[in-house]
Amino acid sequence: MPLRTATPSGRAAVRGPAAHEPGPRRIRRRRGPGRADLAHFAGFGAPGVVVYACFVLAPIAVSFGYSLTNANPFNPPTRYVGAHNYWMLLHDEQFLTALRVTTILTLIVVIVPNALGLLVALLLDRSGKFYNAMRSVFFTPMIVSSVVVSVIWTRLLDTGGPLNQALRAVGVHHPPDWLSDPDLALYSVASIISWQMLGFCVVVYLAGLQGIPVELQEASAIDGAGAFHRFRAVTWPLLAPALTINTVVLLISAFKTYDYIKVITNGGPGAGTTATIAFNVLQTGFDANHVGYASAMAVAMLVIVCVVTAVALRILRRREIDL
């Protein structure tokens, strides 16, 4: 039906039928990924998935399967024992001691490099050739093999090593036996690991410090905040992502410590003074040939690490602030 509209002269003008007016636009629905897209994604993702499945998921599944048996290559046949190995872990004094040792070692390695790394990063957060050189110096231990670090520190901390000789030179007649004293050995090993991991924490904290906007620091200084208050109100909250990275990496690295213990103390001095869970797993599985029981230890260690890491991530991510 034609429509009538008023013109400037007052006469009515006839418009065309309403059918010629543009109708509502059709909304196109987004289609899901087609077969070509899925094939393209699978072509890129499949190699990584296959490698992860073969070298991570498959060994975990095999270990869990062995943990339900009494597998021993030199004492066949292998029989299914169910959760018996896990029940034995709860009453194994050696495993409980290793859990305590691993917990103490992990706490030291998580706290000490984090605290010292933050302090060193704050001191090196300046421009200049000297500070660039010092950053390289602190990071150098990270690129050295843990076995090499262990051998070097074993010589340094020996009873007749350079450290004790220096202590005798300044008047200490009976210096400590750093690695042969049951009361000091674990803390000596933890100090060595902390020394090597310090460079990693420094680099991560430096990256976090350089990512903090300068405007926030300048605004807080204009408001009259001192250096300590600027650190507490601006720097430390914005370093939450760096703290999360360092804590999680140190936690996982310390909990699976084996090579330092094997080279430096071999689990001693005494009975399991420095033996961690990872050390006991390899000793039980390869030296005593109790593959099923060692697999139960490994699965228990994996569960503990996953739970502790998940809890740490949940707590630390609450502090993170998006810049």
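**Cysteines and nonpolar cores in the predicted model**

Across the whole structure, a search returned zero disulfides. Cys54 is classed as partly exposed because its relative accessibility is 45%, and Cys306 falls into the partly exposed class because its value is 46%.

The largest nonpolar core comprises 40 residues, within which Ile193 and Tyr205 have the most contacts. At least two residues of this core are supplied by each of H3, helix H7 (185-210), helix H9 (227-238), helix H10 (240-255), helix H11 (259-264) and helix H13 (291-317). The largest share is that of H7, from which 13 residues of the core are drawn. When neighbours within four places in sequence are set aside, the contacts of Ile193 are with Leu105, Val109, Thr257 and Tyr260.

With a relative accessible area of 54%, Ile111 is classed as exposed, because the exposed class begins over 50%. The C-alpha atoms of Ile111 and Ser194 are separated by 8.9 Å in space, whereas the two residues stand 83 residues apart in sequence.

Conventions: Residues are numbered from 1 along each chain as its sequence is written. This is a predicted model: local features need pLDDT of at least 70, side-chain atom pairs count only at pLDDT 80 or more; totals for chains, interfaces and linings use all residues. Side-chain values use heavy atoms; hydrogens and water are left out. A disulfide is a pair of cysteine sulfur atoms within 2.5 Å. Buried means under 20% relative accessible area, exposed over 50%, partly exposed in between (1.4 Å probe, protein chains only). A nonpolar core is a set of buried Ala, Val, Leu, Ile, Met, Phe, Trp, Tyr and Cys residues joined through side-chain atoms within 4.5 Å. Helices (H or I, at least four residues) and strands (E, at least two) are DSSP runs, numbered from the N terminus. Contact means heavy atoms within 4.5 Å.
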